[in-house]
Amino acid sequence: MQRRIFSAALMACAASAFAQAPASHAGHDTFPSKPIRVIIPSTPGGGTDYIGRSLSNHIHEITGWTLVPDNRPGAGTALGLGELARQAPTGYDIVVGQSDNVSLIPLLMKTSYDPQKDLQPVSLVATTPMVILVAANSPYKTLNDMIADARRKPGQINYGTSGTGGSVHIAIEMLQAEAKFTMQHVPYKGSTPALADLVGGHLSVAGASISSAVSLIQANKVRALAVTSPGRNPALPDVPSVSESGYKNYAFVTYYGVLAPAGTPKDVVGKLNDAVVKVMARPDVKDAFAKQGLEASTGTPEAFRELIDKDIAKAKAIITSANIKVN
């Protein structure tokens, strides 16, 4: 009798173990079983916000997953990545990162995360240049008009950006070093408030991603002087590049991509990557992004990590050569 009880107990334990053993694996197989938070480290209305919300909507369309955008602006767009780095590596928290908060800001100021240790690349999403802007009623008709006036008034003309140490800040600091002029930097908590102050007459110049500024450009509320890519951007075919304006050695392009906390299981990262790649391969999504000045570009998590590593190395060289510092 005791032997039968022992055998029954042993079989029950074995059955329980069998049922439980694949449970964690099954959790990955059924991912996601609840909503995924998409952290957007900027204010609503900017380029990062556009990408985060577009991805959330389109991934839902093709997968049925629920993705919840969550704007977390601040610290020059670094606050959102710090928020991500503190989360459990489950795949239920991801972020739309960019050159600003992945490659640049951690080199210029203390952040609560190390981009190469605390973040898991999922997929590159898009690349884009910056655009240099003035108000519609500005006396500056061309980039060289602005530069000439800035040379006459060193440090007196102000320019707004989405934050200290971000892509726009670096792009304009690089331009000042290349063209030998100086302006006064005014950092904001995102491109939207900077552009609002430009339209309102509180700034002389501002920079932004094309996606952040294109609607204002089309509405003739701001004037685009130049894009920072080597050539013109299809979304703004009438706007010359900085290079065309006479600065042949100048070029600056930024990237956007999806990241998860370091340690996120490989199969979960794979599912997230697959969803992003499928969305960005759709012609309608590519066309919509192109109208925002964004060139759709995806790849494997490994390829995105390689891009980040190379971009950080390049950023270090740029910061050193241009003597860029955060005050």
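Visitor: Which residues in H3 meet Val285, Ala288 and Phe289 in H11?
Guide: Tyr50, Ile51, Ser54 and His58 do, where contact means heavy atoms within 4.5 Å. The model is predicted, local features need pLDDT of at least 70 and side-chain atom pairs pLDDT 80 or more, while totals for chains, interfaces and linings use all residues. Residues are numbered from 1 along each chain, and side-chain values use heavy atoms, without hydrogens and water.

Visitor: Why is H3 called roughly antiparallel to H11?
Guide: Helix H3 (residues 47-63) and helix H11 (residues 283-291) pack at about 165°, with axes 12 Å apart. Angles over 145 degrees count as roughly antiparallel, so H3 is roughly antiparallel to H11. The angle runs from 0 to 180 degrees between N-to-C directions, and the axes are lines fitted to C-alpha atoms over the stretch in contact.

Visitor: What makes the largest nonpolar core a core, and which of its residues touch the most other members?
Guide: A nonpolar core is a set of buried Ala, Val, Leu, Ile, Met, Phe, Trp, Tyr and Cys residues joined through side-chain atoms within 4.5 Å, buried being under 20% relative accessible area with a 1.4 Å probe, protein chains only. Of its 32 residues, Leu143, Met146, Met183 and Val205 touch the most other members. H7 supplies the largest share, seven residues.

Visitor: Which residues does Met146 touch?
Guide: Leaving out residues up to four places away in sequence, Met146 touches Ile132, Tyr140, Phe181, Met183, Val205 and Leu225. A second, separate core of 27 residues includes Ala126, Val258, Val269 and Val285.

How values were computed:
Helix = DSSP H or I, 4+ residues; strand = E, 2+ residues; numbered from the N terminus. Parallel < 35°, antiparallel > 145°, perpendicular 65-115°, else oblique. Buried < 20%, exposed > 50% of the residue type's maximum accessible area, 1.4 Å probe, protein only.
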